[in-house]
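Hi everyone, thanks for coming. Please have a look at the structure on the screen, and I'll walk you through a few parts of it.

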Amino acid sequence: MSTGTITADAAGTWTLGDLTVNRVGFGAMRLTGSAAFHLGTPSDRDRSIAVLRRAIDLGVNHIDTAAFYFSSLRSANELINSALSPYRDDLLIATKVGPFRDCAGEWGTSARPEDLRGHVEENLRQLGRDHLDLVYLRRMRQESIAEHFGALAALREAGLVRHLGISDVEPRHLAEAQAIAPVVSVQNRYGLGDRAPATEELLTLCRGQGIAFVPFFSIAGDGGAQGATSTHDDAVLSAARAHDSTPAQIRLAWSLAQGPHVLAIPGTGDPGHLTENVAAGALRLTDEELARLNEAHRSG
């Protein structure tokens, strides 16, 4: 498919709280290296900054990041600050708190409720902002998120955070959080062939309640933090040939086709891949293609 003039509004928009964003956004995890965290080689700083600025030029106004997105030489938040500050009024930057990595990059004990203010303030410092547009509580295997989410709700009341979301959760956690404060977005691992019954239920619940559903690793699949999967079902390859597109674009288009409340946040440090990811928002799968891809998903 031609990608030259396609911008991020091609897939339509969604409102997160009081902020309207294009449904194709950008995930910052892969800005810092050839793989996420400490798993690859650090990125070229100038190239990563150029990718961020090009994303904005292509109409991206929703960026997903976290203070724990860093490699041995690069910090996603620092790159965003350097590339995009002063920030446009229509740009929504979402971040996540809960997990913790020390200065050597090793994963440490996840945050206790009383630690979350420090996590929020670190994101504020790195991004150079006086508030965060959207903060996700990333659940770290705890049975209840009430105490942690309550701590974030207090920071929202204090004006440090505008909107709240939850990540890596089950339906019961959504209900638990909603009893404390509004939830505008849910972020879980989800993609073609990557099925979990609880996440499928959340996708439906969010659609019915007007809550954004933001899948991560929707291109990566079984590649996860290492990068995009190289394993594709025949249905993906067939659709890619029919649309003169890449398998990654088909995977993104399928995710967006799951409902108008689904937002894509594909991440990359490659300018060409960025253009392809944004262009996927204009790709319209036929009913027959969707049926084949849905069947591949169910059997994945």
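Before I name any elements: helices (H or I, at least four residues) and strands (E, at least two) are DSSP runs, numbered from the N terminus. What we have here is a predicted model, where local features need pLDDT of at least 70, side-chain atom pairs count only at pLDDT 80 or more, and totals for chains, interfaces and linings use all residues. Residues are numbered from 1 along each chain as its sequence is written, and side-chain values use heavy atoms, with hydrogens and water left out.

Let's start with serine 255, which is found in helix α8, residues 247-256. Is serine 255 buried or exposed? Serine 255 is buried, at a relative accessible area of 2%. By buried I mean under 20% relative accessible area, while exposed is over 50% and partly exposed lies in between, using a 1.4 Å probe and protein chains only. Leaving aside residues up to four places away in sequence, serine 255 touches Ser218 and Val262; contact here means heavy atoms within 4.5 Å.

Now over to cysteine 103, in the loop between β5 and α3. Cysteine 103 is exposed, with a relative accessible area of 82%.

Next, helix α2, residues 76-84. Its buried residues are Ala76, Asn77, Leu79, Ile80, Ala83 and Leu84. Why are they on the same side of α2? Because they cover an arc of only 160 degrees around the axis, where the arc is that of the directions from the helix axis to the C-beta atoms. As a reminder, an α-helix has 3.6 residues a turn, so residues three or four places apart point the same way. And what do the buried residues of α2 pack against? They pack against α1 (45-57), β4 (62-66), β5 (92-97) and α3 (116-127).

On to the strands. Strand β7, residues 161-167, is mostly covered, with 6 of its 7 residues buried. Strand β6 (residues 132-138) runs parallel to β7, and 6 bridges join them; two strands pair if DSSP finds at least two bridges between them. One of those bridges has leucine 134 partnered with histidine 163 in β7. Between β6 and β7 the chain goes through helix α4 (residues 146-157), in a right-handed β-α-β crossover. Right-handed means that, with the strands pointing away from the viewer, the path from the first strand over the helix to the second runs clockwise. β7 also pairs in the parallel sense with strand β8 (residues 185-187), over 3 bridges, and there isoleucine 166 stands opposite valine 186. The chain gets from β7 to β8 through helix α5 (residues 171-178), and this β-α-β crossover is right-handed.

Last stop, the aromatics. The structure holds 7 aromatic pairs. Rings of Phe, Tyr and Trp (its six-membered ring) pair if their centres lie within 6.5 Å; planes under 30 degrees apart count as stacked, over 60 as edge-to-face and the rest as tilted. Phenylalanine 37 and tryptophan 107 have ring centres 5.1 Å apart and planes at 80 degrees, so they are edge-to-face. Phenylalanine 37 is buried, at 12% relative accessible area, whereas tryptophan 107 is partly exposed, at 42%. Phe37, Phe68, Tyr69 and Trp107 form one aromatic cluster.
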